[in-house]
Amino acid sequence: MKKIALTMTVALAATCCFGFDYVKDAAKNSLPYEPKMQEFKLPNGIDENGVIDEKILGDSPFAKTVIFGSKLVNETSRYLGPNAKDEKKRFAGNNYSCSSCHTYGGVVPNHSPFVGIYARFPQYNSRADQVVTLQDRINGCFQHSMAGKPIPNNSKEMRAMVTYMQWLSTGYGVGDRVKGQGILKAELLDRAADPVKGKEIYAQKCASCHGENGEGVVNAEFEKGGDYYLFPSLWEKDSYNTGAGMYRLIKAAEYIKSTMPKGDETLSWEDSFDVAAYINSHERPIKSDREKDFPDLDIKPMDMDVAPYNDGFDEKTHRFGPYQQMIKR
Ligand code: HEC
Ligand code: HEC
């Protein structure tokens, strides 16, 4: 009798007191003011495809820096990729550009845009468990999404990217939030994601652009200007590494649901999770030392596939779900 009671308490404890803590997460992200929600708005001089009208911007040092920053985010591989002309500038480890994910250089709502971003940094970051600057956040994508190394804060390239982002944030007050910032928030499934189902969805809805083997399509006009990829590769050597947000299932499903298939963003959450599981079942560059990311285990993302955890679930369950059972109640 005593023994049964004890097992029950343990089982109860597992569902009540451990796992992802939304209350603590909100507290750690809280601010000493109430942020204002603003409409999504592009500054004068750039269109919804991210094309800048240089006549409107003029040729002041500030305008030239904005234009250079726009080139860096839209044609990153040309300036900072593994084959960049200047060997000292080969910071990215793959041939992506920032716009491989931040569509058209960050001007599309719900496609992780850069509009208004300058107003919401510095901010708390759970991966580092400290407040980070916009430069730190850019370097987060260099080290993971771009599978590379950080670019110095005092380089002309970092200054230009930050200047471009500040210009895209014209008119927003410090602390403001923007409708359409980030990507959609997931509706969690009540089952684990299924890479076998994901493979079928991939063949039907993704392979036409990203290639049967996820190899992507290189832009034939690259030498004459423009982005290296017409359609970015999704796995193997030339892709984001295992430390990227895109390698985590919930984040990848959120990204895919928000943005893909490009031009027809109609996937269900189920299909988004399954196809994300399929994409991330392939090999890609490996990021080491990931057990040190998200040191506060109470708010470590549920889709991190590397231990330690505080909830007793193994790495495979964290990788594919189901997730509801990992939420602290
Ligand atoms: C493989 C995809 C990918 C690539 C390539 C990529 N990023 Fe990101 N980036 C993401 C994802 C995913 C997020 C998180 C979005 C979210 O959770 O709202 C993000 C977030 C960011 C943020 C914070 C956004 C915010 O609203 O807080 C910045 C800044 C950023 N990236 C800059 C860059 C820059 C600059 C580059 C190019 C050097 C780049 N990223 C390349 C996927 C990518
Ligand atoms: C019509 C062409 C097209 C189709 C179909 C398409 N994509 Fe994409 N995809 C793109 C382009 C172009 C980008 C670059 C970002 C942008 O322009 O929005 C991209 C970017 C991505 C990225 C981020 C970049 C990277 O390399 O990781 C992922 C992930 C992705 N697509 C997954 C998918 C999935 C999954 C499907 C099917 C459900 C799909 N895409 C269907 C064109 C397409």
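A residue is taken to be near a molecule if its C-beta atom, placed from the backbone, lies within 6 Å of it. The model shown in these views is predicted.

View 1. The shell around ligand 2 holds 23 residues, of which Thr103, Cys206, Cys209, Pro232 and Pro261 come nearest. Two elements, α10 (207-210) and α11 (249-259), each give two or more residues to this shell. Sorted by class, the shell around ligand 2 comprises 14 nonpolar, seven polar and two charged residues.

**View 2. Helix α8 and its packing.** Helix α8 covers residues 156-168; at 1.5 Å a residue, its 13 residues should span 18 Å, and because its end C-alpha atoms are 18 Å apart, the model agrees with that expectation. Among the buried residues of α8 are Met158, Met161, Tyr164, Met165 and Trp167. The buried residues of α8 pack against α4 (61-74), α6 (103-106) and α7 (134-143).

**View 3. The two spans annotated as "domain: Cytochrome c".** An unreviewed UniProt entry lists residues 82-169 and 193-283 under this name. Residues 82-169 are 31% helix and 7% strand, with end C-alpha atoms 30 Å apart. For residues 193-283 the figures are 41% helix and 5% strand, and the end C-alpha atoms are 18 Å apart.

**View 4. The chain as the setting for the close-ups.** The chain contains 13 helices and six strands. Its C-alpha atoms fill a box of roughly 80 × 50 × 40 Å along the principal axes. A compact globule of 329 residues would have a radius of gyration near 20 Å, and the 21 Å of the chain agrees with this. Of the 329 residues, 40% count as buried.

Note on methods
Residues are numbered from 1 along each chain as its sequence is written. Chains are lettered from A and ligands numbered from 1 in the order in which they are written. This is a predicted model: local features need pLDDT of at least 70, side-chain atom pairs count only at pLDDT 80 or more; totals for chains, interfaces and linings use all residues. Helices (H or I, at least four residues) and strands (E, at least two) are DSSP runs, numbered from the N terminus. The expected span of a helix is 1.5 Å times one less than its number of residues. A residue is buried if 20 or more other C-beta atoms lie within 10 Å of its own, exposed if 12 or fewer, and partly exposed in between; C-beta atoms are placed from the backbone. Two residues are in contact if their C-beta atoms, placed from the backbone, lie within 7 Å. UniProt positions are given in the numbering used here, feature names are shortened, and annotations may be inferred rather than shown by experiment. Ala, Val, Leu, Ile, Met, Phe, Trp, Tyr, Cys and Pro count as nonpolar, Asp, Glu, Lys and Arg as charged, and the others, Gly among them, as polar. The radius of gyration is taken over C-alpha atoms; the globule rule is 2.2 Å times the number of residues to the power 0.38.
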